[in-house]
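User: I am new to this structure and would like to learn how to read a few of its features. Can we go through them one at a time?

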Amino acid sequence: MRPVKLIMSAFCSYKDRQEIDFSKLGGNGIYLIAGDTGAGKTTIFDAICYALYGSPSGETRSDKMLRSNYAGIEDETFVDLEFEHRGRNYRIKRSPGGHKKQKKNGTYTKEQDGYVNFSFTDHGEEKTISEKEKIKTKINEMLGMDERQFRQIVMLAQGNFQKLLLSETKERQKILREIFGTGIYAEFQEKIKEKIKTIKDQFNLSFEKAKGYVNDINCDDKYEELSKEAKEAREKINLSADIPGLIMRIIARDKKESEAAEHSSNDLQARLEKKNDEIGKLKNLIETKKKYNSAKQKLNQENILFEEAKKSLENAVSNKPEIKNLDKQANAIEHDMQKYGEMQNLLERLSVKQGEIEQNNHSFDKKEKNLKELEVRLENLKKEQDFLSDSEAKVILNENKKKEIEEKQRNIENLRKDLLGLDKIKINSENLNKELSLLEKTFRQKDNEAQTLRQAFFAGYAGILSEMLEDGQPCPVCGSSEHPKKAVKEGNVPDEKTVSRAEKESKDLYEKVSAKREAFAKIQAELIAAKNEAEKKIREFIGSFSIEVASKEAEKRKDVLDKQLLDVEASIKNEKKRLARMKELKVLIPNSENEKKAMEAEISLLKQVIAALNADIENIIRQADEIKKGLKYPDKSSAEKAMDCIRKKKNKIEKEIETAQKKHDAIKEEINRLEGQIEENQRDFSGNEEKELQEAAKQKAELQKGVNTAIELRSFINGRILQNEKTLKNVKSEFAHAQELHEKYAWAEALSKTANGDVNGQSKITLETYALMSYFDMALAKANVNMLQMTYGKLELKRSDAASSNAKSGLDLSVIDHYNGTERSVNSLSGGETFMASLSLALGLSEVIQEYAGGIQTDTLFVDEGFGSLDDSALENAKRILMELAKGNRLVGIISHVSALKHSIEHKIIVSKDRFGSSIAKVEA
């Protein structure tokens, strides 16, 4: 991947649109990205990373942090990268969003979302991809690198590799793990440890379950030999012992005992059934005897009852003539029943009419009372209407007053806000003036210091030059090769670097003073405008008051207006209630007048109805008196009661005859039945039947006890057999499982010890360390090619092979000094040597990563900082190595602020800061 053109806008420290044309830097070789610390050099690589992968080279920044702090609200943040890869051109533009767009009404939209577009030519057809995941997959496949590998291969950050060079072994292992992604081996080591623990826990659990099953073996103590073996098995469990065989022998012995108990039980059961038959026959004989004796006794009682029933029947039949007399009386009453009905109808009509007249009289009195109350209420409503006639006008008047007060309140509140704002501006102005005075004083001091240093430098420069003159060598000023009278260096002359630093500090302070002055002038103008606006509103809203006393006066006016507003709102509320009542009265009064007219008509109608009802009542009473003259009973109800009494008397006589006859017949039938039963049950009884039954029952109980004992014994033995058969199954299963886990644990433990470097008599090197040693050896081999060249064959990096019996190392690093034949710690290297070793290590690791990433092609390389620690010779040597690295079709960018590189490298990207702090990048080729 080779960048062709990079455009950044509002990205990180670059506020404005910046375009970097990499094509101007040539097809290969080295170029310099130069600038002061913090100017934005590394941000160029960040932008390339962000364009390709969606995140910058540092992983600590979120998308929102990529937007420049100096960008305007509408400035879009984006990175647009054109690049060439394997002879084809590509373009990718990516934005994190965050900017806003202005609408027609002057407001802004919400923050815009981010986007990405990747365009290229495929078989002559222009294609564009906008889906982030598809672009990520395409970039990874095309470059052969993911984001992590790209940062490791393309950007050689010297600080990171110096840390790798000088770190302790443990820290070096962490760094190499990140570079080569060997964390999977460490994860494997931990997982195999966890697996062993899991297997061991499973084995212990299985073994404990097996012990529990062995403890469940149930053996009768009378089996002495088997009981002894079972006890020994419980006390000392051995997976190889034949415990299943022991259980099977116990089960076989129990089955023999169960069969013997079953034979005994069957024999006793047969004898018990014979005894039950004998008892049944005795019980039947005793029951027959009881029935015979009972029937004889009951027959005597029934003969006595029969004589009594016979007399009762004769008495009842003697009352039959009374029935005819009762029928005659009933017929007479039945003949007059129609007249009783007519009289009853008249009396019912009379009762209805009397109820109607009472109801109408009650209604008449109530309506007359309601009419009087309605007349009084109607008069009161009319008086209330006259009282409320001015309510609507009062509501309008008070609402107008409220609007006037609210307008005054708004004016006073606006004035108070302006006065508060004016006070804040005054305070800010005073604070800014103090800051400006202090900054101007600091600037004057620093400027005087810089001028003094510059004068001292110029004054002592001749002395510095004279120290460099040698006899026979021409003077760089006059050209003479003889130097009879050299200038003498006086005092402590500052070097140019010190002078430049002091002048830069003075310049920076001047820029800050200028910015602070501009801010002070701006706030002064703002203060004058705010003061004029406040004075204008004071005159308009509260009168001729100074700004100093206006706040208190406005507060007083506000309190007065607040009270006036409360009063007028209370009046409006009261008048609105009166107005609402007025509207109700406009409906209530006509309704009440209509109600009065309707009530008067109802009262007149009620008078007519009451008169008609009185006439009907007099006519009904006259008719009822005429009918009543020829009747025995006063009314139909009395006649019906007399009729009911006659019928009940007749029914009673008839029922007494029927009951006496039924009882007579039933007793006669029972006597016949008992005589037949006595004849049927008459037998020859011995008289000892009960005694024989008791003896048989006693013998049955003994037999039943024997049967139960035999059954319980067999059930107990069978239960033990079932328990032992279950235990046998569990023991076989769990012993097999435990044995399997034991074998599995053995090989897993061996594998874990090997992977975690814990094999007795072997080096304590873990699987991950072994893999890292292999990668590290390859990287050191490639690094030493450059290291030996840069140090003219003096220094070579070496990984220590030896590891103590307790230390899990293998990644110790030292340096071989070929000039004196010694091996020493890398921490003993000088600053320049450390840089060369770090750079060599970085280049070596980069090559190894490329090889293991599938032989990827990297046409661009960035080397970040570290050159400041080199002397001129080492610097030239490092440049030479990088030039060698850049041969062919590779472009190497050196990110540095070393001035010597700036003069010696032709192609450059110069990065600087403008007076506002935003970065500016310029290509010089």
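Predicted model: local features only at pLDDT ≥ 70, side-chain atom pairs only at ≥ 80, totals over all residues.

User: Which residues touch the most other members of the largest nonpolar core?

Analyst: A nonpolar core is a set of buried nonpolar residues joined through side-chain atoms within 4.5 Å. Here the largest one has 46 residues, and L6, I44, L52, F83, F118, F150 and I909 touch the most other members. Helix α1, residues 42-53, gives this core its largest share, nine residues. Another core, of 26 residues, lies apart from it and includes I405, L561, V568 and I572.

User: What does F83 touch, not counting residues up to four places away in sequence?

Analyst: Contact means heavy atoms within 4.5 Å. With that sequence limit, F83 touches M1, R2, P3, V4, L52, R88, N89, Y90, I92, F118, I139 and M142.

User: Is S592 buried or exposed?

Analyst: Buried means under 20% relative accessible area. S592 has a relative accessible area of 6%, so S592 is buried. This residue lies in helix α13, residues 547-628. Leaving aside neighbours within four places in sequence, S592 is in contact with L374, L378 and L381.

User: Which residues make the nonpolar surface patch of about 350 Å²?

Analyst: A residue must have over 30% relative accessible area to be part of a patch. In this model F188, W747, L751 and L767 make the patch. F188 is found in helix α6, residues 183-215. With a relative accessible area of 35%, F188 is partly exposed.

Conventions: Residues numbered from 1 in each chain as written. Heavy atoms only, no water. Patch = residues over 30% accessible without salt bridge, like charges linked within 9 Å, V, L, I, M, F, W, Y side chains within 5 Å. Areas by Shrake-Rupley, 256 points an atom, 1.4 Å probe, with all protein chains shown as cover. Salt bridge = Lys/Arg side-chain N within 4 Å of Asp/Glu carboxyl O. Helix = DSSP H or I, 4+ residues; strand = E, 2+ residues; numbered from the N terminus. Buried < 20%, exposed > 50% of the residue type's maximum accessible area, 1.4 Å probe, protein only.
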